[in-house]
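Colleague: Could we go through this model together, one question at a time?

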Amino acid sequence: MAIDYAEKIPNNVHLADDRKLQRALEHWQPHFLDWWKDLGPEGFQERDVYLRTATSVDAKGWATYGHVKMPDYRWGIFLADPTPDRRIGFGDHMGEPAWQEVPGEHRATLRRLIVTQGDTEPASVEQQRRLGQSCPSLYDLRNLFQVNVEEGRHLWAMVYLLHAHFGRDGREEAEELLARHSGDVNNPRILGTFNEPIDDWLSFFCFTYFTDRDGKYQLLSLAESGFDPLSRTCRFMLTEEAHHMFVGETGLGRVVQRACEVMNELGTDDPLKVRAAGAIDLPTIQKYVNFWFSSAIDLFGAESSSNAANYFAAGLKGRPDEESFEDHLCTDATFALEQPREDGLGVLTEEIPMRNAMNAVTRNAYIKDCGIGVVRWNRAIRKAGIDFEIKLPSERFRRNIGVWAGFHFDPDGKPHSQTEWDEKLYDWVPSHEDREFVKSLMVQVVEPGKMAGWIAPPPRGINNQPVDYDYVRL
Ligand SMILES: [Fe+2]
Ligand SMILES: [Fe+2]
């Protein structure tokens with residue numbers, strides 16, 4: 001599909017043919033830009049950044065690279081090409097033609113799904129807005145901004161759907177997406193985790209590895225939606241999302257690698273000596289993994305959920321890669337749900353209707369995906385001759401939502417009393433001192449090619465540029 005670059009808003013949705021919609025978006029655009037300037041990356045708005053910009057949905061080449069000032073970034077609206085004669089692939093409407101317009105009976109639910117997804121996009125930009133002040137390299141600074149501008153584009157993607165398909169209340173919701181702010185006591189972002197600032201880079205890498213990956217799985221579920229414009233929007237967003245996961249996986253991998261190098265240079269596995277040498281010790285990295293993983297799996301919601309069952313039945317939200325399942329109706333199937341015994345000291349299994357278990361099914365796929373990077377990090381640790389293994393904690397650990405919430409299970413999945421829990425918690429998640437230590441390392445490095453002492457350089461640069469390329473011109 002051709003894109004009209006002459007328009008104010010790059011798009012492949014024939015915006016020029018719909019004057020009313022175009023005007024609505026052109027009205028929203030300056031509000032978006034004001035938001036970006038106020039709450040986007042702090043201190044770098046006037047700098048040239050080497051950014052990827054989506055210009056089409058062609059699998060062979062959908063983006064261009066070049067230096068651009070972030071407020072001039074071409075945030076566009078791109079939907080994946082339509083699948084001819086697409087049918088709803090699951091639930092009670094299975095086999096019916098996919099909806100091109102919102103069905104009246106699902107209007108409120110779809111709007112809520114789109115608004116909730118849309119709200120996380122600007123939220124993450126707000127959470128990360130101060131990280132530029134402490135970047136470990138220009139390469140990493142550029143990757144941060146790439147993630148940020150693309151989260152901005154994902155907001156555009158959701159706002160387009162609201163404007164194009166939800167009339168007046170859609171336009172109001174689009175304004176609200178710019179009015180709520182991460183951490184604002186009076187008007188916070190919808191999901192709790194998106195109200196915590198991210199002020200160190202180890203947390204940023206954990207966020208892009210674990211929380212962005214939750215986003216990937218939400219998008220995969222919505223890509224199955226019977227509401228075709230939502231499906232097509234999400235399919236294209238997933239293309240960009242892959243880079244966000246890459247930033248997390250390689251970022252954490254480079255922190256691990258640096259820890260191993262320092263351990264071998266000093267001939268020690270003493271975490272205090274590693275810290276004294278200016279690197280982040282492996283046990284501390286494990287604590288951050290425990291913290292972020294357990295927060296991220298809460299985002300999938302309760303394991304047994306009537307909302308999830310309703311979304312599935314209605315054809316609004318499927319399972320990631322729905323095609324890979326045999327049974328798309330799930331009217332008779334059950335799911336073996338592990339849960340704590342009432343006394344919290346043991347575990348039992350209950351069969352629940354499969355439709356109610358859709359959150360658990362999606363979360364299990366997510367957990368498997370999280371394991372891929374962990375295997376790679378452990379391979380690097382072994383290769384360095386070090387006896388340490390990074391592990392994802394048990395899904396029972398530190399949960400605030402679902403069947404495990406309110407109980408005390410450790411990262412190995414073993415139950416504990418309240419007293420033991422209180423005593424041991426900071427053996428498992430970062431303590432105040434751990435966080436202060438990590439923060440003490442966060443000193444800005446902006447000389448091309450140079451890296452902060454706590455992170456190894458990447459093996460290669462972005463888009464075939466060298467590692468010491470001037471990714472951000474200061
Ligand atoms: Fe996103
Ligand atoms: Fe993302």
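Modeller: Helices (H or I, at least four residues) and strands (E, at least two) are DSSP runs numbered from the N terminus. This is a predicted model, in which local features need pLDDT of at least 70 and side-chain atom pairs count only at pLDDT 80 or more, while totals for chains, interfaces and linings use all residues. Residues are numbered from 1 along each chain as its sequence is written, and chains are lettered from A and ligands numbered from 1 in the order in which they are written.

Colleague: Is H5 parallel or oblique to H10?

Modeller: The axes, which are lines fitted to C-alpha atoms over the stretch in contact, with angles from 0 to 180 degrees between N-to-C directions, come within 10 Å for H5 and H10 and cross at roughly 135°. Angles under 35 degrees count as roughly parallel, over 145 as roughly antiparallel, 65 to 115 as roughly perpendicular and the rest as oblique. H5 is therefore, relative to H10, oblique.

Colleague: What distance separates the end C-alpha atoms of H10?

Modeller: The expected span of a helix is 1.5 Å times one less than its number of residues, so the 26 residues of H10 (residues 358-383) should span 38 Å. The model agrees with this, as the end C-alpha atoms are apart by 39 Å.

Colleague: Which strand do the buried residues of H10 pack against?

Modeller: A residue is buried if 20 or more other C-beta atoms, placed from the backbone, lie within 10 Å of its own, exposed if 12 or fewer, and partly exposed in between. The buried residues of H10 include Tyr 366, Cys 370 and Trp 377. Counting contacts as C-beta atoms within 7 Å, the buried residues of H10 pack against helices H5, H6, H8 and H9 and against strand S3 (334-340).

Colleague: Is Thr 64 exposed or partly exposed?

Modeller: Thr 64 lies in strand S2 (residues 63-69). Because 14 other C-beta atoms lie within 10 Å, Thr 64 is partly exposed.

Terms used: Two residues are in contact if their C-beta atoms, placed from the backbone, lie within 7 Å.
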